[in-house]
Amino acid sequence: MIQGIQSSSNINSYFSSEKKSNYTANGSLNSFETEDTAIISAQAKILNELDKYNAGQSDELNLALTCITSKNQVKAVARVISTKKEMLDTIMDSF
């Protein structure tokens, strides 16, 4: 037997808990901590590889690969930030 909806507060509490669980796992739409960490990590990788190269512990190939990988990572994070901004702008425009 199908039970009826007892109150709208039950529905609201279900959806609010559902949203919280999804955003906790994937990060919040209005938080950019994950993106900040990714950019800082990319910069740290470049600096670390540059230090190794300057100390003679690495070669040009590893330095180039690290630079390209880090540059691509920063570009991807910039796209994520831009997408989040567009999403927030769209949400705000709908109000």
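Visitor: Which residue forms a salt bridge with Lys85?
Guide: Keep in mind that this is a predicted model. Side chains of opposite charge can pair when their charged atoms come close. Here the closest N and O atoms are 2.8 Å apart, and both partners sit in helix α3, four residues apart, about one turn of the helix. The partner of Lys85 is Asp89.

Visitor: Is Asp89 buried, partly exposed or exposed?
Guide: Buried would take a relative accessible area under 20%, and exposed one over 50%. The relative accessibility of Asp89 is 33%, so Asp89 falls in between and counts as partly exposed.

Visitor: How many residues apart in sequence are the parts tied together by Lys84 and Glu35?
Guide: Lys84 and Glu35 form a salt bridge, with their closest N and O atoms 3.1 Å apart. Lys84 belongs to helix α3 (residues 60-94) and Glu35 to helix α2 (residues 33-54), so the pair links parts of the chain that are 49 residues apart.

Visitor: And are Lys84 and Glu35 buried or exposed?
Guide: The cut-off for buried is under 20% relative accessible area. Lys84 falls in that class, and Glu35 does too: both are buried.

Visitor: With which side chain does the side chain of Ser58 make a polar contact?
Guide: Ser58 is found in the loop between α2 and α3, and it is buried, at 16% relative accessible area. Leaving out residues up to four places away in sequence, it touches Glu49, Lys52 and Tyr53. The polar contact, at 2.4 Å, is with the side chain of Glu49.

Key. Residues are numbered from 1 along each chain as its sequence is written. This is a predicted model: local features need pLDDT of at least 70, side-chain atom pairs count only at pLDDT 80 or more; totals for chains, interfaces and linings use all residues. Side-chain values use heavy atoms; hydrogens and water are left out. A salt bridge is a side-chain nitrogen of Lys or Arg within 4 Å of a carboxyl oxygen of Asp or Glu. Helices (H or I, at least four residues) and strands (E, at least two) are DSSP runs, numbered from the N terminus. Buried means under 20% relative accessible area, exposed over 50%, partly exposed in between (1.4 Å probe, protein chains only). A polar contact is a pair of N or O atoms within 3.5 Å; within protein, one must be able to donate a hydrogen and the other to accept it, and residues adjacent in sequence count only if both atoms are side-chain atoms. Contact means heavy atoms within 4.5 Å.
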